[in-house]
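The sequence and the model come first, and the description follows.

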Amino acid sequence: MYSRLKPLSEASFTNIALVATDMDGTLTQGGKFSTTILQALEKLASADVKVLIVTGRSAGWMSGVSHLMPVIGAIAENGGLFYPSGKEEPVTLTAIQDLKAHRHSLAVTFEFLKTIFPQIEESADNRFRVTDWTFNIGALTPEELQRLGNLCQQRGWGFTYSTVQCHIKPQEQDKAIGLLQVLQVYLPEISPKQVVTVGDSPNDQSLFNQSQFPISVGVANVMQYAHQLEHQPSYITQSAEGEGFCELCNYILHRKAT
């Protein structure tokens with residue numbers, strides 16, 4: 001399935017203005033930010049290449065990360081909210097008219113899923129979320145994840161998952177939709193053709209949709225989801241996780257210098 005993926009050496013990467021990247025398993029290495037990653041982000045900024053984090057992590061998490069990392073901001077909860085760097089308040093990307101009722105409905109759906117999958121556990125960061133509801137992915141099999149997605153869809157919700165968590169979310173909410181909103185309103189000078197999208201798991205697959213983002217990169221660990229991706233990245237790194245992201249950064253910087 002991945003035979004048609006191209007190595008970075010075949011990418012032209014001309015006129016790149018923005019790197020829109022997942023966080024867990026893409027920027028992190030073994031669950032941590034490394035010195036090398038921070039240096040890579042600083043080098044991109046110095047070369048006038050903006051970096052935007054697009055993650056499934058909670059509003060609470062990304063409120064801090066967007067201020068502390070050398071990035072222009074962060075999209076949290078798989079397209080639910082946008083935290084521009086230097087701003088105190090987030091921008092809501094998914095309209096929710098009644099937040100209390102929304103959270104209650106998510107909780108009811110989670111409790112329903114627990115009647116079928118009693119082993120699932122609410123994620124520790126769920127209390128810091130606004131638009132979605134998460135539980136730990138644990139040892140769920142691909143078949144179980146598919147069934148969870150079907151059950152959520154039957155109840156009017158969307159479903160996705162990463163290496164860390166499963167997300168019950170509004171059906172229209174995903175990373176690509178959120179990123180396109182941010183580009184249109186906050187970065188109108190940048191077209192999708194000037195964006196490199198980066199990820200490693202199924203909740204990144206909308207970023208791999210070449211009809212929306214022609215240039216996408218999977219870090220090498222994305223290959224473990226070979227049979228679960230509707231959309232595949234255009235290119236793949238040799239290294240996994242944060243080391244793969246650094247490989248990509250070095251390539252972008254090299255292409256800009258030549």
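In this predicted model, Phe13 touches Leu8, Val196, Ile215, Val217, Tyr235, Leu248, Tyr251, Ile252 and Arg255, leaving aside residues up to four places away in sequence. Phe13 belongs to the largest nonpolar core, which has 36 residues; Phe13, Leu44, Val196 and Phe245 are the members with the most contacts inside it. At least two residues of this core come from each of α1 (35–46), β3 (50–54), α2 (59–68), β4 (73–76), β5 (81–84), β10 (195–199), β11 (215–218) and α6 (241–257). The most is given by α6, with seven residues. Another core, of 24 residues, lies apart from this one and includes Trp133, Ile137, Leu145 and Ile236.

Nine strands make up an open sheet with mixed pairing, in the order β1-β12-β11-β10-β2-β3-β4-β5-β6. Its edge strands, β1 (6–7) and β6 (91–92), each pair on one side only. Within this sheet, strand β2 (residues 18–21) and β3 run parallel and are joined by four bridges. Leu18 has Lys50 of β3 as its bridge partner.

An open sheet of three strands has the order β7-β9-β8, with antiparallel pairing. Here the edge strands are β7 (133–136) and β8 (158–161), each pairing on one side only. On average, neighbouring strands of this sheet are turned by 20° against each other, direction ignored. The antiparallel pair of β7 and strand β9 (residues 165–169) is held by four bridges, and Phe135 has Cys166 in β9 as its bridge partner.

Two helices contact these strands. Helix α3 (residues 99–116) lies across β7 and β9 and runs at about 30° to β7. Helix α4 (residues 142–154) packs on the sheet and touches β7, β8 and β9, its direction making about 155° with that of β8.

The table gives relative accessible areas for four residues.

| Residue | Relative accessible area | Class |
|---|---|---|
| Cys246 | 8% | buried |
| Cys249 | 1% | buried |
| Gln194 | 16% | buried |
| Leu229 | 5% | buried |

Gln194 lies in the loop between α5 (175–186) and β10. Why does Gln194 count as buried? Its relative accessible area is 16%, and the class takes residues under 20%. Beyond residues up to four places away in sequence, Gln194 touches Asn15, Ile16, Ala17, Leu18 and Glu189. One of these contacts, Leu18, is the bridge partner of Lys50 in β3.

Leu229 is in the loop between β11 and β12 (235–236). The C-alpha atoms of Leu229 and Phe208 are 9.3 Å apart, and the two residues are separated by 21 residues along the chain.

**Cysteines**

How many disulfides does a search of the whole structure find? The search finds zero. A disulfide is a covalent bond between the sulfur atoms of two cysteines. For Cys246, the closest cysteine sulfur is that of Cys249, at 6.0 Å, which is too far for a bond. The cut-off for a disulfide is a sulfur pair within 2.5 Å. Cys249 is likewise in no disulfide, and its nearest cysteine sulfur is that of Cys246. Cys246 is buried at 8% relative accessibility, and Cys249 is buried at 1%.

Notes:
Residues are numbered from 1 along each chain as its sequence is written. This is a predicted model: local features need pLDDT of at least 70, side-chain atom pairs count only at pLDDT 80 or more; totals for chains, interfaces and linings use all residues. Side-chain values use heavy atoms; hydrogens and water are left out. Buried means under 20% relative accessible area, exposed over 50%, partly exposed in between (1.4 Å probe, protein chains only). A nonpolar core is a set of buried Ala, Val, Leu, Ile, Met, Phe, Trp, Tyr and Cys residues joined through side-chain atoms within 4.5 Å. Contact means heavy atoms within 4.5 Å. Two strands pair if DSSP finds at least two bridges between them. Axes are lines fitted to C-alpha atoms, for helices over the stretch in contact, and angles run from 0 to 180 degrees between N-to-C directions.
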